[in-house]
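Work through the exercises below with the sequence and the model open. Each task is followed by a solution in steps.

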Amino acid sequence: MKIAITGIAGFIGTNLARTLLEADMEVLGIDNLSYGLKENIPAGVEFHNRDIRGSGLEELFSGADVVFHLAAKNCISDCQNDPVETASINVAGTVNVFEATRQARVRKVIYAESSALYEGSSQFPTPESDVHPKSFYAVSKLAGMHFAEAFKRYYGMTFTALRYFCVYGPIQDYRRTIPPVMSAFIIKLLKGEQPVIYGTGKKRRDFIYVDDINEFHMKCLTDSRTDNRTFNLGSGRNYSVLEIYDTISRLLGTHIEPIFEPDLPGEAQQTLADISEAKSVGWEPRTDLPTGMRNAISYIKGEMEKGRI
Ligand SMILES: NC(=O)c1ccc[n+]([C@@H]2O[C@H](COP(=O)([O-])OP(=O)(O)OC[C@H]3O[C@@H](n4cnc5c(N)ncnc54)[C@H](O)[C@@H]3O)[C@@H](O)[C@H]2O)c1
């Protein structure tokens with residue numbers, strides 16, 4: 001199979017590319033390197049430095065069996081600060097990718113939505129039906145969902161929508177304005193510095209290890225039960241930020257007090273995935289939190305030794 005990935009230089013894109021190459025698939029990727037790093041793209045990928053809003057994507061996608069659309073502006077606080085660019089990348093860019101896949105007659109599009117669609121939900125665990133977006137980021141993902149529905153309706157295209165919860169693991173991006181909580185804690189604690197907790201630390205998050213979502217990605221390529229459906233990809237368990245902090249501190253053997261700062265705008269107090277839909281097609285998360293965290297820690301230690309952090 002030939003697979004194309006948008007956002008290939010990002011966290012999920014690079015991990016996905018490696019998994020596909022290991023399965024002997026041909027991988028083409030595009031990224032404008034606004035967040036992702038070229039050196040993280042595995043050898044063997046045909047890489048094109050392109051913006052998803054640009055013209056001519058259909059030529060690149062031509063011959064691909066499946067396109068994974070992962071490129072996005074996806075740091076919630078960055079999106080809150082720039083709704084115009086958020087819409088430009090996540091809405092116009094997404095429509096441009098979908099239209100290019102249509103023109104290129106790609107068999108299936110698998111694209112990233114987000115657990116942010118449940119920001120206003122009060123149902124936990126949250127099923128796929130309980131959509132209540134609030135932030136600019138979440139609203140932009142909702143627009144993508146409606147466009148996918150319209151492409152299905154008018155052009156008979158096949159989509160799978162993936163609502164990732166907090167994905168973690170090696171190659172997670174730690175350079176953004178507010179890094180993902182786990183990476184942020186690990187980096188600061190390894191440096192002997194005080195990490196920042198935004199809010200009280202009682203916010204709860206459902207974390208899912210990147211290898212587990214890659215298993216679902218692989219299933220989407222071959223299992224027609226995933227066609228034209230939406231899946232929550234979480235672990236079905238959640239942990240408070242303080243619990244995450246304590247577990248990382250224990251794994252690292254550190255005793256450093258965090259600094260508490262005011263909560264960030266646009267963030268849900270709790271996420272918890274109802275994963276029965278994904279389980280119904282034979283998927284189950286397999287990596288427990290301490291195991292996944294140990295892998296994330298050893299990746300970050302390796303980056304520090306290389307002087308990249
Ligand atoms: N990581 C998570 O926990 C998580 C959770 C929910 C949803 N998602 C979604 O999954 C997808 C992948 O997330 P990720 O964690 O790998 O993010 P990431 O930021 O690491 O990767 C996104 C990539 O898209 C690229 N990109 C951004 N704008 C672009 C543009 N205009 N043209 C071309 N490339 C562009 C960036 O350079 C980056 O390499 C995103 O759509 C994100 O919204 C991720």
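**Exercise 1: the ligand**

An oxygen atom of the ligand lies 2.9 Å from a polar backbone atom of Val-167, a polar contact being a pair of N or O atoms within 3.5 Å. The model is predicted: local features need pLDDT of at least 70, side-chain atom pairs count only at pLDDT 80 or more, and totals for chains, interfaces and linings use all residues. Residues are numbered from 1 along each chain as its sequence is written, and side-chain values use heavy atoms, with hydrogens and water left out.

Task: find which side chains place a polar atom by a ligand oxygen, and describe the shell.

Step 1. A polar side-chain atom of Asn-74 is 2.7 Å from an oxygen atom of the ligand. For Lys-141, a side-chain N or O atom lies 2.8 Å from a ligand oxygen.

Step 2. The ligand is surrounded by 30 residues (a heavy atom within 4 Å). Asp-31, Leu-70, Asn-74, Tyr-137 and Lys-141 are the closest.

Step 3. By type, the shell holds 16 nonpolar, 7 polar and 7 charged residues. Here Ala, Val, Leu, Ile, Met, Phe, Trp, Tyr, Cys and Pro count as nonpolar, Asp, Glu, Lys and Arg as charged, and the others, Gly among them, as polar.

**Exercise 2: Tyr-164**

Task: which residues is Tyr-164 in contact with, leaving aside neighbours within four places in sequence?

Step 1. Contact means heavy atoms within 4.5 Å.

Step 2. With that cut-off, the partners of Tyr-164 are Ile-12, Leu-70, Ala-112, Glu-113, Ser-114, Ser-115, Ile-213, His-217 and Leu-233.

Note on methods
A polar contact is a pair of N or O atoms within 3.5 Å; within protein, one must be able to donate a hydrogen and the other to accept it, and residues adjacent in sequence count only if both atoms are side-chain atoms.
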